[in-house]
Amino acid sequence: MKKRGQALSFSFAIMFLLAVVLAGCGSSNSSGTNAGSTEPPAASNAGTATEAAAEKPTVAFVYIGPPGDGGYTYQHDQGRLYLEKELGIKADTVENVPESADAERIITELAQNHDIVFTTSFGYMDYTLNVANKFPKVKFMHASGYKTAANMGTYFGKNYQGSYLAGIAAGKMTKKNHLGYVGAFPISEVIYNLNAFTLGAQSVNPEVKVDVVWTNTWYDPATERQAAISLLDKGADVLLAYQDSPATLQAASERGAFAGGNDSDMGKYAPDHYLTNPVWNWGPYYVKAVKSVMDGTWKSEQYSGDIADGMVGLAPFGSKVRDDVKKLVEDAKAKIISGELDVFTGPISDNQGKVQVQEGQKLTLEEVLAMNWLAKGIEGTIPK
């Protein structure tokens, strides 16, 4: 808001007060969450947000699901709350946004009155890029993608490190040497986590095999539950799910099987049969990114966090996970942090018998992010 002169004659006092009231109404800014809606906040002051918010930029988040999913979106929303607390910023959110052209419409409307827009799901990548090209003064950060622009960066983390550790726990807790994996979509992000889980299990139990079922959904508890049941029916006695709900854990618990989910600590959903699972901690990154916009140091980059910097972690173990299993996992975690252990170090063969990583070689991050093969020991294929 522009500063006003300090001296006014009494004859203009009423007019001044009226102007202040009107200005206050006109400059009010939509904030908070839009629970259950795919409509973004009203786009007041369109096109002027960057200039008007130099001190505290206006921030928006686009979510694939509801914050109440207990998983992926929940963790992003926890990151938003951390951001608000640390920087005193009230960020807007739009949830349940499909990965379709509707996403581009919503991102466009948010760009009209926000300085920073975080789009938090892989399928928003091209839509985010399209909007970024139209709004060069707005900063866009896209989670899990690989496309960038001068005003658009990406961020994600090496969550496969957490999947590898969860695999160690699963490989030691199984009694049948038969694990199950509920995969969302057959994209590289899910594939490399499935492979890491399998390699972790094989590192402590070479006889283990892993069955995979693809649900083609991020968040559909009914579909996820049916996929879990199908794996249990095949004989799997420990499951991990790369999904956004706790449905797999709940289905496994009903059968007396151990299970882990993804993204957040899901122990409360199946306390007696919880294993562990990879978790995200987005808050520090969100603070770092917004601060860089505020101080003018922001630049387009592809940020990848890991266990060492805290973006990726492992949920607390379930109450029935044995102490010897916990120690194996903690020892491996320490080696990952120190750099002694790299998840994708050869020799690694795929389930067709082809060597994908030669002995002593390590996959680069770019090779991991482009992974399109399944590791030896996985029963299943990658749908075309």
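The protein has twelve helices and 16 strands, where helices (H or I, at least four residues) and strands (E, at least two) are DSSP runs numbered from the N terminus. This is a predicted model, in which local features need pLDDT of at least 70 and side-chain atom pairs count only at pLDDT 80 or more, while totals for chains, interfaces and linings use all residues. Residues are numbered from 1 along each chain as its sequence is written, and side-chain values use heavy atoms, with hydrogens and water left out.

Of the 384 residues in the protein, 52% are buried (buried means under 20% relative accessible area, exposed over 50%, partly exposed in between; 1.4 Å probe, protein chains only). Among contacts (heavy atoms within 4.5 Å) with a separation of 6 or more, 66% come from residues 24 or more positions apart.

Helix H5 spans residues 125–134, and its buried residues are Met125, Thr128, Leu129, Val131 and Ala132. Seen down the axis of H5, these fall within an arc of 165°, so they line one face of the helix; the arc is that of the directions from the helix axis to the C-beta atoms. An α-helix has 3.6 residues a turn, so residues three or four places apart point the same way. The buried residues of H5 pack against helix H4 (101–111) and against strands E4 (116–119), E5 (139–143) and E6 (152–157). Turned away from that buried side, the other face of H5 carries the exposed residues Asn133 and Lys134.

Strand E9 (residues 238–242) has five of its five residues buried, so it is largely enclosed by the rest of the structure. In a regular strand the side chains alternate between the two faces of the sheet. Both faces of E9 are covered, with Val238, Leu240 and Tyr242 buried on one side and Leu239 and Ala241 on the other. E9 runs parallel to strand E7 (residues 178–183), to which five bridges join it; two strands pair if DSSP finds at least two bridges between them. Gly183 has Tyr242 of E9 as its bridge partner. Three bridges also join E9 to strand E10 (residues 258–260), again in parallel, and Val238 is partnered by Phe258 of E10.

The structure holds one cavity of 30 Å³ or more. On a 1 Å grid over the protein atoms alone, a cavity is a set of points where a 1.4 Å probe fits but cannot get out, and lining residues have an atom within 4 Å of a point. The largest cavity has a volume of about 100 Å³. Of the 14 residues that line the largest cavity, Tyr72, Glu189, Trp218, Tyr242 and Asp244 are the closest to its centre.

Conventions: On a 1 Å grid over the protein atoms alone, a cavity is a set of points where a 1.4 Å probe fits but cannot get out, and a pocket is an open set with protein on both sides within 12 Å along at least five of seven lines; lining residues have an atom within 4 Å of a point. Grid points are joined across faces, edges and corners, and a volume is the space filled by probe spheres set on the points.
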